[in-house]
Amino acid sequence: MNTTPKWWQKAVIYEVYPRSFQDSDGDGIGDIPGLISRLDYIKSLGVDAIWLGPVFKSPQDDNGYDISDYQDIDPLFGSLADMKRLLDEANARGLKIIVDMVLNHTSDEHPWFMEAKKDRTNPKHDWYVWRDGTPDCPPNDMLSTFGGSAWQWCEDCQQFYFHQYSVKQPDLNWDNPEVRHALYDMMNWWADNGAGGFRLDVIDSVAKVPDEKITAEGPNLHKYIKEMSAAVLKGRDLVTVGECWSATPETAQLWSNPDGSELSMVFQFEHICLDQDGPFKWDLKKLPMADLKRVMRRWQTELTGKGWNSLFWENHDLPRIVSRWGDGSEKAATMLATVLFGMQGTPYIFQGQEIGMTNVKYELEDYRDIEIRNMAAERLADGYSLESVMESIHAKGRDNARTPMQWNAGENAGFTTGKPWIKVNPNYTTLNVEAQEKDPNSVLNYYRYLVQLRKEQDVIRDGDYTEIMPDWDNIFAYSRDDGNKKLTVLANFSGETVEYPAWTVDTAGEPILCNYGSWPEEGLLRPWEAVMYLK
């Protein structure tokens with residue numbers, strides 16, 4: 001049992017994607033003043049911190065993940081004064097602001113890169129990753145995550161620079177200590193100004209070795225993370241979340257070592273990749289329940305006492321879970337929430353998830369995401385049918401999570417008085433915060449109860465995890481036991497009524513939660529039903 005828990009081990013974190021949360025000035029883009037106006041709503045959820053998506057100055061080639069100034073705010077979202085007011089207002093409400101920090105790359109419009117590309121003798125040149133070659137012959141055949149070569153020819157330097165993502169996102173050279181310490185100084189500046197922590201974008205890629213085609217878990221990675229922790233985190237009560245697509249339970253024990261030498265927790269994606277057919281997320285297959293249970297069990301059991309995990313079903317890069325693994329219904333939304341919130345780790349709620357916001361089915365021209373547009377162009381050129389491309393986008397496109405927050409049934413869902421930067425989901429007239437506030441049985445109020453339950457029951461933080469009925473296709477069941485209390489979770493992952501042998505589940509004790517208005521019959525789970533027992 002963890003006898004000295006950190007605050008974030010019992011916390012719930014709410015992610016805000018600023019562009020789509022609340023617009024205050026009618027330009028159709030969410031902004032910091034808009035977020036400030038909704039802080040009381042976020043506080044009412046019972047959460048402890050806000051993961052704030054990127055608001056730094058940026059050309060917006062990748063929706064703000066291409067930063068041109070780490071210590072200024074993009075005018076799209078407001079001003080530096082607005083940001084400082086947000087930090088003050090949130091802290092006054094007991095809400096920490098976790099700043100989304102991109103340390104792997106910058107924008108090609110960042111002053112560092114503008115200097116670096118002037119010539120090979122420039123002091124900033126070695127702050128990025130350069131290789132010799134000729135315009136028609138890149139250093140190797142590495143591909144960018146967003147499509148095309150990972151190498152871009154620079155005429156001024158007569159060299160290639162490396163970019164794992166957009167061509168406008170050159171990778172920083174972390175092997176240069178000047179780069180690392182400039183980043184540490186910037187992070188300390190934000191902490192001094194009230195930031196409660198950092199979500200570190202693709203942090204497992206910073207120690208890349210492109211000559212050996214290594215983009216994640218490079219040989220110096222954990223050395224650099226330990227150095228960063230000592231330079232920024234030591235003596236501060238900050239939470240740090242590492243986005244680590246490459247993480248395994250073994251490496252997560254390094255990332256989130258309880259001794260605090262690296263980060264607070266990892267944000268890993270093994271479970272999220274289970275419904276793709278092969279290496280590309282756009283190739284779809286049905287979620288294999290046995291694999292989902294196996295992966296979740298592995299992360300629950302292998303990190304106990306050795307590390308800490310983030311719990312999530314969706315974020316700004318992922319489709320809406322109620323559409324992805326459910327049928328879009330309120331029951332599916334609350335079932336999925338129940339399964340996640342009963343586990344060990346720190347749960348994340350992505351804006352709109354708490355009301356069951358769903359995927360959208362737009363025409364290709366209505367999407368704004370660079371990844372979607374590049375994929376569509378490449379696949380159509382390769383002979384894929386438009387129908388298959390759209391099926392993939394409707395299922396997995398990042399813009400599913402980026403449609404405006406649905407506040408009410410008014411114009412543009414209460415998000416903006418102008419034209420939204422991306423279309424609002426048409427179901428906002430019935431699916432919105434205002435309607436659910438009035439319904440005690442809504443998805444919104446169910447989430448509020450789950451957040452409260454996690455804070456009241458230490459067994460959720462500390463209890464050992466045991467899977468129940470591992471071979472059942474439609475039932476996800478497990479228990480948590482800390483020696484004092486035992487929590488049992490049963491969930492039907494299907495739209496059909498499912499019978500199960502009641503003797504396989506120890507449901508002795510009090511039923512404390514059910515997403516139906518009545519308790520289930522023993523040995524029977526209704527469509528998308530979830531129930532918790534405590535003894």
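1. The largest cavity has a volume of about 60 Å³. Here a cavity is a set of points, on a 1 Å grid over the protein atoms alone, where a 1.4 Å probe fits but cannot get out; a volume is the space filled by probe spheres set on the points, which are joined across faces, edges and corners. Please keep in mind that this is a predicted model, with local features needing pLDDT of at least 70 and side-chain atom pairs pLDDT 80 or more, while totals for chains, interfaces and linings use all residues. Residues are numbered from 1 along each chain as its sequence is written, and side-chain values use heavy atoms, without hydrogens or water.

2. Lining this cavity are residues including His271, Trp299, Phe312 and Met343. Helix α8 (289-302) and strand β12 (310-311) each give two or more residues, and α8 has the largest share, with three. Helices (H or I, at least four residues) and strands (E, at least two) are DSSP runs numbered from the N terminus.

3. What classes of residue line the largest cavity? Six are nonpolar, five polar and none charged.

4. Turning to the open spaces, the largest pocket holds about 1400 Å³. Of its 46 lining residues, Ser144, Thr145, Phe146, Pro279 and Glu371 are the closest to its centre. Helix α11 (residues 370-381) contributes the largest share of the lining, five residues.

5. The second largest pocket has a volume of about 620 Å³. Among its 34 lining residues, Lys6, Trp8, Gln9, Asn257 and Pro258 lie nearest its centre.

Conventions. 1 Å grid on protein atoms, 1.4 Å probe; cavity = no way out; pocket = protein on both sides within 12 Å on 5 of 7 lines; lining within 4 Å. Nonpolar A, V, L, I, M, F, W, Y, C, P; charged D, E, K, R; others polar.
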